[in-house]
Amino acid sequence: MKYVFFLFLSASLWPQAALDPAKLLQPPTDTWPTYNGDYSGQRYSTLAKINASNVNSLALAWVYRVNPGPDQAGGGRNTPVIKSTPLEIDGVLYFTIPDHVWAVDARTGREIWHYEWKNSKGGWHIGNRGVGVLGNWLYFETPDCNLVSLNLKDGKERWHKEICDLNQFYYASVAPVIVKNHVITGVSGDDLDIPGYIESHDPITGDLQWRWYTHPQPGEPEAATWPSVEAMMHGGGMTWVPSTYDPELNLIYFGTGNPQPVIAGKGRKGDNLYTECIIALDPDTGKLKWYFQPSPHDTHDWDAVQTPVLFDGEIDGEKRKLLAQASRNGWFFVLDRTNGKCVLTAEFVKTNWATGVNEKGQPIPNPQKEPKLDGALVSPNQGGGVNWPPPSFNPETGLFYVNAARAFSVFYLYDDDDKPEGWGGNDKGGWSEAMLQAIDYKTGKIRWSHKWPGNGAGVRSGLLSTAGKLLFAGDTNQNLVALDPANGKPLWHVGLHASMSNGPITYEIQGVQYLLVAAGDSLYAFAINSPPPELRFASLVERK
């Protein structure tokens with residue numbers, strides 16, 4: 001009977017409550033209410049109970065392993081892969097894999113509810129980046145192009161709305177971002193020549209409020225960056241990483257993906273706007289405010305979807321509203337987020353594809369590094385100087401952190417037609433190395449670099465920095481590592497059963513700070529002061 005009592009205690013400790021919208025405007029502490037913790041994209045927490053002086057006492061609090069059922073792995077693998085950043089609201093974690101959502105007790109790892117999208121018609125199950133929450137409602141995307149709304153308390157479906165056309169080989173994987181009364185969604189699709197877009201939905205009904213395509217409208221000046229309207233209207237530019245938001249300027253910021261065809265650019269001469277761009281839109285109308293293009297006429301699959309991180313800083317003695325992105329092409333950009341003007345451009349890994357930087361702050365592509373029938377040796381490779389996992393910016397150090405890679409590939413064409421379709425080429429990898437880079441946003445200089453062991457360019461771990469003078473990252477050997485954010489010195493590490501597969505988060509409940517990461521099919525929660533043993537035992541008994 002004693003154990004039954006503890007089971008009841010564990011189940012009733014955290015009655016689920018609605019998300020207070022004010023939490024979206026505050027640094028994450030007792031909640032982690034949106035994909036990046038807050039609207040800024042900094043992934044910086046003011047929590048400091050886990051800190052550089054006690055991180056060696058960090059211990060495992062609980063593990064939760066997902067069990068979606070047979071043939072429901074997600075991630076394009078035989079076992080589930082958690083790529084989503086969990087949200088933590090009122091002591092409950094909400095996270096996804098493709099077609100599945102879980103609510104889990106944030107103190108014990110006890111499952112509260114599990115929702116399965118059983119109406120799937122297909123789609124690419126490569127991964128899902130998480131959920132958005134507004135009040136009592138949760139929102140997520142399915143691979144077969146639906147936006148689904150659930151009741152936060154019990155996971156019951158409220159409605160679902162189609163957001164893309166599966167028959168055109170779109171799919172959906174992004175975590176929705178809630179801005180006022182807008183549910184902001186994006187789309188994916190990298191195999192056929194289809195246009196990307198971002199759209200806003202009514203949180204009550206799911207009805208479409210506006211849609212913005214990642215190409216100019218025919219007749220606009222930017223349309224001249226394409227050779228024809230046909231090429232432009234089928235030009236790609238997917239929107240598969242969540243946006244950030246400045247409530248004072250009332251602007252959302254996001255990156256767009258590669259143009260189509262991906263590698264063979266012969267049929268799309270020009271800069272190919274608005275692919276490979278950082279975009280600012282009015283969230284109320286979907287109207288374009290400004291754009292900046294990190295990779296004009298990309299032919300290497302270097303999506304510019306990486307998180308646009310917002311912060312206020314000082315450049316040449318002047319206080320500025322800034323936006324920074326470490327782009328997949330290996331270059332770091334700092335923009336004035338009020339107007340999109342480039343403030344600084346610098347490499348964060350050594351590249352060989354550009355001959356310099358133009359007056360707009362854009363790298364100038366070297367024609368000799370275009371893919372060829374007999375190949376061209378290019379750095380970075382198709383995976384990029386960084387891929388999609390989120391970076392972190394620490395306002396205390398003034399450093400921008402990115403899990404980076406330098407890698408060489410031979411880019412080659414297999415379709416030299418005047419009008420290639422699909423990819424039209426590919427790359428063949430060679431030497432690579434992975435490192436964690438700390439970039440000074442004022443100068444673009446690498447303040448410190450921590451090389452990860454082995455020949456690995458594929459680190460897909462997001463980052464988290466905290467006021468506890470800690471930076472958390474995943475390495476190339478399935479470790480979770482804590483480093484000193486000022487100098488990159490490793491302070492602590494622990495082995496996981498798989499490589500980290502998402503961005504870490506941290507939250508505080510009843511005076512205990514937790515660190516949460518995903519590796520493969522499992523969530524790992526760490527704490528200095530773990531929950532009472534009876535609660536951990538109750539969680540394990542109930543899951544049996």
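Start your tour with the aromatic rings: the structure holds 25 aromatic pairs. Rings of Phe, Tyr and Trp (for Trp, the six-membered ring) pair if their centres lie within 6.5 Å, and planes under 30 degrees apart count as stacked, over 60 as edge-to-face and the rest as tilted. Before selecting anything, note that this is a predicted model, where local features need pLDDT of at least 70 and side-chain atom pairs count only at pLDDT 80 or more, while totals for chains, interfaces and linings use all residues. Residues are numbered from 1 along each chain as its sequence is written, and side-chain values use heavy atoms, with hydrogens and water left out.

**Stop one: rings and charges**

Select Phe-95 and Trp-102, a stacked aromatic pair with 5.5 Å centre to centre and 15 degrees between the planes. Phe-95 is buried, at 0% relative accessibility, and Trp-102 is buried at 0% relative accessibility too. Here, buried means under 20% relative accessible area, exposed over 50% and partly exposed in between (1.4 Å probe, protein chains only).

Next, pick Trp-212, Phe-254, Tyr-274 and Tyr-291, which form one aromatic cluster.

Then look for charges over rings (NZ of Lys or CZ of Arg within 6 Å of the ring centre and within 35 degrees of the ring normal). Arg-43 lies over the face of Tyr-35, 4.8 Å from the ring centre. Show Arg-129 as well: Arg-129 sits over the face of Trp-388, at 4.6 Å from the ring centre.

**Stop two: an open sheet**

Switch to a cartoon view and find the four strands that form an open, antiparallel sheet in the order S11-S12-S13-S14. Strands are DSSP runs (E, at least two residues), numbered from the N terminus, and two of them pair if DSSP finds at least two bridges between them. The edges are S11 (177-179) and S14 (208-213), each of which pairs on one side only. S11 joins S12 (residues 182-186) in the antiparallel sense over three bridges. Zoom in on Val-179, which stands opposite His-182 in S12.

Now select residues 470-474, strand S31; five of its five residues are buried, so S31 is largely enclosed by the rest of the structure.

S30 (residues 464-466) runs antiparallel to S31, joined by three bridges. S31 pairs with S32 (residues 479-483) over four bridges, again in the antiparallel sense.

Both turns deserve a click. The hairpin of S30 and S31 has three residues between the strands, and Lys-469 there takes a positive phi near 60 degrees. The hairpin of S31 and S32 has four residues between them, with Gln-478 in the turn at a positive phi of about 65 degrees.

**Last stop: Arg-337**

Finish in the loop between S21 (331-336) and S22 (342-347), the place of Arg-337. Is Arg-337 buried or exposed? Arg-337 is buried, with a relative accessible area of 6%.

Show its contacts (heavy atoms within 4.5 Å). Not counting residues up to four places away in sequence, Arg-337 touches several residues, including Tyr-253, Trp-290 and Lys-321. Its side chain makes a polar contact of 2.7 Å with the side chain of Asp-246, and also reaches the backbone oxygen of Phe-311 at 2.8 Å. A polar contact is a pair of N or O atoms within 3.5 Å; within protein, one must be able to donate a hydrogen and the other to accept it, and residues adjacent in sequence count only if both atoms are side-chain atoms.
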